[in-house]
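Here's a walk through one structure, taken a piece at a time. Have the sequence and the 3D view open as you read.

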Amino acid sequence: MSASLKKLPPAIELETKIVLKQLTRAHRALAELKGFAEMIPNKNILINAVTIIEAKNSSEIENIITTHDELFRAMSGENDQNPDAKEVVNYRSALWHGYKLVKDNGFLSTNMIIEVQGLIELNRAGIRKLPGTVLKNEATGEIVYTPPMGEQEIVGLLSNLEQYINMVAADDPIDPLVKLAVIHYQFESIHPFYDGNGRTGRIINVLYLVLQKLLDSPILYLSKYIIRNKATYYRLLQEVRVKENWEEWILFILKGIEETAIETLILVKEINKLMENTAEALKERLPKVYSKELVNLIFYEFYTKITYIEEGLKISRKTAAKYLSDLETEGFLASEKIGRERIYLNKSLFEIVKNSEKIFK
Ligand SMILES: Nc1ncnc2c1ncn2[C@@H]1O[C@H](COP(=O)(O)OP(=O)(O)OP(=O)(O)O)[C@@H](O)[C@H]1O
Ligand SMILES: [Mg+2]
């Protein structure tokens, strides 16, 4: 049996010398990413592309593996959807929903967290009421941790976490990135839901960065970093519990933030460059078709449809269809019939999204 989970804040010095050193590096990388992302004219395009990648990666930790092609089909609304791809699409909607809630309200509440988890799992089970949830060592099956039981206790811990998350800076001497590590540990240890705690916790991380104004757009995700350091991630969560090894845990998260910010900046620059290059090439090769709005539309998701162009540019269906077919002839898009509709894929953007797996390894 494990001792009951302690409320926050941890009664221990968190900002040790070595933590402070790594903290500077993480902040520097994050600030650079934020600065670049802020300058990009069409932020939703960026967020869309980055969150597709995140949805796929985060779901992969949960063993929901899907290919980019399946994902693209599920996103474009095909009826006969692959269930795993559908889960990835749900994750992304949950993420967007959480982002809007935090942006609109300026805080992150327990209820918002419950909403986000409900969208990931597409059920309303909410906070655990029945006993039986245990965390096991994946390899051996041994029970490593039994999270708090009883709705009352879980609700109490969540409300303590909510206060910790929303504490105003003036009352709170601890750096927000250090707090992010504390919040992630605490949320995973409360383990308030029957399932989806990992994915919800990973969404909370980015929402907290946005809440703290360390990012404007939700574009920094530790999922890939967690995948490549999975064993360490689980070990350190456990070591905070059994030997209060906060330092190594916090360092692990700060390193993740630094590495991921650097990688995300490369990705974001690449997407931005591609948009600029596409606009130039279009102006040259299809001057009559070119408009800034059209470029935005074909980058909005990595696929488009006649209807989107028709509505987006306020042109006739016939003209919209002609534009897309010209774009296909010139090699900017590749079309495919999915269900009853023809879908146009932005090949180069799709390639970047696919290759991000390589960048991130
Ligand atoms: N020893 C531990 N202490 C605290 N939290 C843990 C421990 N081991 C694992 N966890 C957390 O539990 C999460 C898994 O919980 P759950 O299955 O509810 O979430 P999920 O989103 O379905 O899964 P996943 O995180 O694998 O995608 C892990 O991601 C991790 O954050
Ligand atoms: Mg699970």
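Helix H8 gives the most to the shell around ligand 1, supplying four residues. Keep in mind that this is a predicted model. In total, 16 residues surround ligand 1, and the closest are Glu62, Glu188, Asn197, Gly198 and Arg199.

Now for some helix packing. Two packed helices are described by the angle between their axes and the distance between the axes. Take helix H4 (residues 83-105) and helix H5 (residues 110-121): they pack at an angle of about 160°, and their axes are 8 Å apart. Angles over 145 degrees count as roughly antiparallel, so that is how H4 and H5 lie to each other. Their crossing is right-handed. On the H4 side, the contact is made by Asn90, Tyr91, Ser93, Ala94, His97, Gly98 and Leu101, while H5 brings Met112, Glu115, Val116, Leu119 and Ile120. Sort the residues of this contact by type and you get seven nonpolar, four polar and one charged.

Last stop: a pair of strands. E4 (residues 333-338) and E5 (residues 341-346) run antiparallel and are joined by six bridges. To find your bearings, look for Leu333, which stands opposite Asn346 in E5. The two strands form a hairpin with two residues between them. In the turn you'll find Gly339, with a positive phi of about 60°.

Key
Residues numbered from 1 in each chain as written. Chains lettered and ligands numbered in written order. Predicted model: local features only at pLDDT ≥ 70, side-chain atom pairs only at ≥ 80, totals over all residues. Axes fitted to C-alpha atoms, helices over the stretch in contact; angles between N-to-C directions. Parallel < 35°, antiparallel > 145°, perpendicular 65-115°, else oblique. Left-handed = near helix turned anticlockwise from the far one by under 90°. Contact = placed C-beta atoms within 7 Å. Nonpolar A, V, L, I, M, F, W, Y, C, P; charged D, E, K, R; others polar. Near = placed C-beta within 6 Å. Pairing = 2+ DSSP bridges.
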